[in-house]
Each structure stands twice: as C-alpha cells, then as structure tokens.
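Visitor: Please take one part of this model and go through it closely. I would like the sheet, with its pairing and its side-chain contacts.

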Amino acid sequence: RRAVSDVCAQAALISARVKRPVKLIWSRESDMTQAFYRPVYAIKAEGAISEGKIKGARMHCMSQSITLSSKDTMVAAMPGIPGPIRNMFIESMLAVFSTNSFGDLFATEGLKNTPYKWGNFELTASPVQTKLPVSSFRSVGNSVTGFAMESFFDECVVAAKGEPMAMRKAMLPPASRQMKVLEVLEKMSGWGTAPPQGVGRG
C-alpha cells in the first residue's frame, strides 16, 4: 500500500479545505474495497517429459498490468523533467507494454528469472486491462508466480515418476541460493527418511 501515495494528496486537500492539520485514516473496509487491488493471474503451463527427465516447459501468463496502471505514479516520480518530455517518455513506454512488444516486468517476475535450468523454456504474457486499479504488494510478481512455478514443477515430477527434491536439485545451479536452501531443508526435515504415519512432506 505504501507504493501509492494517494492518501497524502487526500489529506492535503482536506487540510486546505478546513484550514488546519488533519490526520487521515482509511478504515480497513474502505482500503480493501476502494483502494488498489492485486492483479488477477491466470497461467497456462505445459511441460515436456522424456525418459524420466524434464526436458522443457512453455508458460503463458495473463494478468492485469501493474505497469499500465501506474501512469500517475510515473508522472509523480519525475518532478524535475519538463512536462512534454516526461509525458512523451511515459506514453511511449506504456505503448510498448500495452501492445505487448515488451512483457510486463511485474507479470513475468519469478517466471522470467526462474533459477531452474529447463533446457528449453518459452515464456509469453498477455496484459488484460480492466477498470480496476491495480498495484504492487511486497514481493510483486513472485507472490503469485512462485506458487504457479512450484505447483507446475510438482506436476512435472509426477508425470516423470520422479522424486521432487532430487529433480529440483538436478535442475538448479550447484552454487545457487535455492540449492543451498534445499540442502538445508533436506537435512533439517529428514527428507530421506519415511515420515510418521499420517504425516506428509512436500
């Protein structure tokens, strides 16, 4: 919510009208129903399996575009640039994203920079615009795409009749942070041992 400073402008307008300092507080109900929303995502994923190994993947992401909803934020972020130059730059950039000549950075974050070495990997995205204003929450694209990527990876593991920890480690760079996390997780969880009855690991 801190990425959008509309509350500051609202407080300033109210203060100017009543001619005294004000403290503006949005109720949680108002913030949830009238503020900026998270983009809605739909991701289609296809994988190629051969001889028990994951050989490639194709993913297509459809979502509302945070970039295309951020024109006012971009204008406010360039106060020192002359208006005509600033507007030309912003309009040109938005035109590139709206025609999908360049994929929305937020929509593909976490997919485009995946650490998995797929061998063959294709990623496409289509912006879907509605009248609902959208903006960022904390981890932006990763908060959505991380779930999609890992769920899809698990489906590929099942199709390959493989083991999820081993197949992930086989597709990660040996010195990567993700590999180190998996190695610690494997050790701390006792991954190679059978879990107690009624307990699952994943």
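Guide: What follows describes the sheet, then the salt bridges and the helix beside the sheet.

This is a predicted model, in which local features need pLDDT of at least 70, side-chain atom pairs count only at pLDDT 80 or more, and totals for chains, interfaces and linings use all residues. Residues are numbered from 1 along each chain as its sequence is written, and side-chain values use heavy atoms, with hydrogens and water left out.

The sheet is open and has 3 strands, in the order β1-β2-β3, with mixed pairing. Helices (H or I, at least four residues) and strands (E, at least two) are DSSP runs, numbered from the N terminus; two strands pair if DSSP finds at least two bridges between them. The edges are taken by β1 (41–50) and β3 (120–127); each has a single partner strand, so one side of each lacks a neighbour in the sheet. From one strand to the next, the twist averages 10°. Axes here are lines fitted to C-alpha atoms, for helices over the stretch in contact, and angles run from 0 to 180 degrees between N-to-C directions.

Strand β1 and strand β2 (residues 53–63) run antiparallel and are joined by 10 bridges. Along this pairing, G47 is opposite A57 in β2, and Y41 is opposite S63 in β2. The hairpin of β1 and β2 has 2 residues between the strands, and E51 takes a positive phi near 55° there.

S63, which belongs to strand β2, is buried at 4% relative accessibility. Buried means under 20% relative accessible area, exposed means over 50%, and partly exposed lies in between (1.4 Å probe, protein chains only). Apart from neighbours within four places in sequence, S63 is in contact with V40, Y41, A107, S126, P127 and V128; contact means heavy atoms within 4.5 Å.

The model holds 6 salt bridges, each being a side-chain nitrogen of Lys or Arg within 4 Å of a carboxyl oxygen of Asp or Glu. One of them is formed by the side chains of E46 and R58, at 3.4 Å from N to O. E46 is in strand β1 and R58 in strand β2, 12 residues apart, and the pair links distant parts of the chain. R58 also forms a salt bridge with E122, where the closest N and O atoms are 3.1 Å apart. As E122 lies in strand β3 and R58 in strand β2, this pair ties together parts that are 64 residues apart in sequence. Relative accessible area is 38% for E46, which is partly exposed; R58 is partly exposed at 44%, and E122 is partly exposed at 42%.

Helix α6 (residues 142–159) lies across β1, β2 and β3 and runs at about 30° to β1. A further salt bridge joins the side chains of E150 and R168, at 2.9 Å from N to O. E150 is in helix α6 and R168 in helix α7 (residues 164–170), 18 residues apart, so this pair too links distant parts of the chain. E150 is partly exposed at 30% relative accessibility, whereas R168 is buried at 10%.
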